[in-house]
Amino acid sequence: MPTTATTATTRAPGSVCLICATQNKSDALLCRECSAPMALVHDAVAQERDPQIVSVIGESNVGKTVYLGFLLDMLSQRAGDFEAIPKGAYSIDLQQTVISHMANRTFPPKTPMESNEWYWAYYQVCRRTNNPTWVDLVMPDMAGEALAAEVATPETFRVIRSLLTKSAGAMLLVDAGLAASGSSQPDFFALKMMSYIDTMFAAKRNQRIRTPIAVVLCKADYCPECFDDPEKFVEANLNRMWNICESRFANVEFFTCSVVGSLAYAMSQDENYVVPVPLHTALQGVLEPFEWILDQL
Ligand SMILES: Nc1nc2c(ncn2[C@@H]2O[C@H](COP(=O)(O)OP(=O)(O)OP(=O)(O)O)[C@@H](O)[C@H]2O)c(=O)[nH]1
Ligand SMILES: [Mg+2]
Ligand SMILES: [Zn+2]
């Protein structure tokens, strides 16, 4: 848009939102347009380089919050030879919430739809080699319902559109347990999500989208067979998504993940329904999709 381009030169650095490029007051805490924390901008200015955004997307209840919380925690515990430095205390809140809930044998609460209540993590990550290259990553924990609303009616959640447009890579989480039980819901949601991304980039018909997308089969403790061959599982059980990946996306890889070792079921304390109780955590396949994305950046 020409109007934003011309005003960009007169904007003070440090007050232009990193996600949606809106000009904010210099003392703003959240962007007035998309509610992204302005601390992201201040931290990026301090680093003197723009961070790359890696989005974790997927339906509500697929396990995004749990996955991202454990991933960040593994990184800060130097799993897989990674070194990760959180930029600002706000970057630690998500992993702390997830870890403390799981230690109490409960899953973390559902992410609210309002983007001003989302967790954002800004990390500097590198692999500990002789010649480490640092990557600055911004990873927001979006609400599945907000993603669904944006996909159904584009432009209702501007922050999601801005985030996905700017993303250097994405992890699409899919509920493998549900797919294995014969439900077509995960396949349809993933198809909608991929088609949304395809339309958003509006590449020419014969050009496939090159942004790396890791498709992560979550809750694989319900169907351990998908650890053997995630690709075959997707082709058989999520065939609609498989087809759009093949025809429109040039850089897709399939992974399997699970975070719980065993589950119990109990009645919820406040309401009359059954809730799963994670008896112990057993992380499998959490780091691999992230490692792959990082290699593609
Ligand atoms: N069995 C099993 N269940 C899981 C696993 N990860 C998540 N869950 C279940 O999935 C539920 C939802 O996880 P969340 O991480 O809150 O899901 P979300 O994608 O963030 O959902 P929204 O915040 O609504 O978008 C949890 O409450 C657990 O019941 C897993 O690895 N195994
Ligand atoms: Mg969530
Ligand atoms: Zn913004």
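At about what angle to E7 does helix H9 run? Helix H9 (residues 230–237) runs at about 100° to E7 and lies across E6 and E7. Contact here means C-beta atoms, placed from the backbone, within 7 Å. Axes are lines fitted to C-alpha atoms, for helices over the stretch in contact, with angles from 0 to 180 degrees between N-to-C directions.

1. Basis. This is a predicted model: local features need pLDDT of at least 70, side-chain atom pairs count only at pLDDT 80 or more, and totals for chains, interfaces and linings use all residues. Residues are numbered from 1 along each chain as its sequence is written, while chains are lettered from A and ligands numbered from 1 in the order in which they are written.

2. Domains. Domain 1 covers 1–48 and domain 2 covers 51–296. The bounds come from an automatic or database domain assignment. Their centres, taken over C-alpha atoms, are separated by 26 Å. Domain 1 puts 13 residues into the contact and domain 2 puts in 15. On the domain 1 side, nine of these are nonpolar, two polar and two charged.

3. Sheet. Seven strands make an open sheet, ordered E2-E3-E4-E1-E5-E6-E7, with mixed pairing. Strands pair if DSSP finds at least two bridges between them. Strand E2 (82–86) and strand E7 (252–256) are the edges, each pairing on one side only. Neighbouring strands are turned by 25° against each other on average, direction ignored. Strands are DSSP runs (E, at least two residues), as are helices (H or I, at least four), numbered from the N terminus.

4. The E6–E7 pair. Strand E6 (residues 213–218) runs parallel to E7, joined by five bridges. Valine 216 has phenylalanine 255 in E7 as its bridge partner.

5. Ligand 1. The shell holds 23 residues; Gly63, Lys64, Phe107, Thr111 and Gly144 come nearest. A residue is near if its C-beta atom, placed from the backbone, lies within 6 Å. Helix H3 (64–76) and strand E8 (258–267) each supply at least two shell residues. E8 gives the most, with four. The shell divides into eleven nonpolar, eight polar and four charged residues. Gly counts as polar; Asp, Glu, Lys and Arg count as charged.

6. Positive phi. Arginine 105 has phi near 55°. Arginine 105 lies in the loop between helix H4 (93–103) and strand E3 (119–127). Glutamate 155, also not a glycine, has phi of about 80°. Its loop lies between helix H5 (144–152) and helix H6 (158–166).

Methods
Two residues are in contact if their C-beta atoms, placed from the backbone, lie within 7 Å.
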